[in-house]
Amino acid sequence: MNAIITATELASELAGSTAPVLLDVRYQLGGPPGRPEYEAGHLPGAVYVDLDSQLASAPGPAGRHPLPDLAAFGDAMRAAGVSAGRAVVVYDGGQGWAAARAWWLLRWSGHPDVRVLDGGLAAWKEAGGAMSVDKVTPRAGDFTPAPGALPLLTADEAAALARRGVLLDARAAERYRGEVEPIDKVAGHIPGAVSAPTTENVAEGGTTFRDASELAKRFASLGATEDAEVGVYCGSGVSAAHEVLALAVAGIPAALYVGSWSEWSNDPSRPVATGPQPG
């Protein structure tokens, strides 16, 4: 199953007899909540999901966006109409990071059919898709999280993977090198990790993914292939989910280190590398 769906494909599915559940996950790091934007206009039938409160638990030693409490996550997904036997499509304002976080959580927790709208809301509007301001009250779903369907890394496992496989750092290259750190306590990267900015997963100047062959070439140049053991981290497990999604588009399975740099750098006993090389 493809992990992404185009606006044209989505419009066709929404017009069919088995329309997918739509989740709107608009989010900006450090910005205002996405609900007001959702209420000002959303895909018809879409339900708003808040990343900070429903797709993560409270910030702390485990990072800025730790895994949500599974019971609370299940409640939120059922309230949004998510059922195990019905496809789900998630979208955000266009960047794709928040939608990818929702995609990853649902897939990791056992939902078999979740896709991200490629290019998000911007692609939908560009394709002439309808918008709505109607209040959506979905019928409750039956989805019960059963974690483990996608691989997950702890800090120690990420460190070990960086030594034996390929650990990709999805943050901006200057953060990887340790030249700047606008959010977390310490600048640098996990020793052995390879710089692989998430922004290079999409077409230049746009928000849609590069095609699968381009992505495969990109990741192969970094050592990440179908035969390699691959993991990904970022600042707090959001943009790294987009990288895991891009790897899936390229046919390369990858594990996510959810705690990411915000967890790693919070522990002064963990080593830190700087500069352009893995270290």
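**View 1. Ile4 and its bridge partner in strand 5.** Ile4 has Val116 of strand 5 as its bridge partner. The model is predicted: local features need pLDDT of at least 70 and side-chain atom pairs pLDDT 80 or more, while totals for chains, interfaces and linings use all residues. Residues are numbered from 1 along each chain as its sequence is written, and side-chain values use heavy atoms, without hydrogens and water. Strand 1 and strand 5 (residues 114-117) run parallel and are joined by two bridges. Two strands pair if DSSP finds at least two bridges between them. Strands (E, at least two residues) and helices (H or I, at least four) are DSSP runs, numbered from the N terminus.

View 2. Five strands form an open sheet in the order 1-5-4-2-3, with parallel pairing. Strand 1 (4-5) and strand 3 are the edge strands, each pairing on one side only. Helix 5 packs on this sheet and touches strand 2 (21-24), strand 4 (88-91) and strand 5. Contact means heavy atoms within 4.5 Å. The direction of helix 5 makes about 175 degrees with that of strand 5. Axes are lines fitted to C-alpha atoms, for helices over the stretch in contact; angles run from 0 to 180 degrees between N-to-C directions.

**View 3. Aromatic pairs.** The count comes to two aromatic pairs. Rings of Phe, Tyr and Trp (its six-membered ring) pair if their centres lie within 6.5 Å; planes under 30 degrees apart are stacked, over 60 edge-to-face, and the rest tilted. Tyr38 and Tyr48 are tilted because their planes lie at 40 degrees, with ring centres 5.7 Å apart. This pair links distant parts of the chain, 10 residues apart: Tyr38 in helix 2 (residues 35-40) and Tyr48 in strand 3 (residues 47-48). Both Tyr38 and Tyr48 are buried. Buried means under 20% relative accessible area, exposed over 50%, partly exposed in between (1.4 Å probe, protein chains only). Trp104 and Trp108 are stacked, 5.4 Å centre to centre, with 10 degrees between the planes. They lie four residues apart in helix 5 (residues 97-108), so about one helical turn separates them. Trp104 and Trp108 are both buried.

**View 4. Asn201 in its loop.** Asn201 lies in the loop between strand 8 (194-195) and helix 9 (212-221). Asn201 counts as buried because its relative accessibility is 0%. Leaving aside neighbours within four places in sequence, its contacts include Phe209, Arg218, His242 and Glu243.
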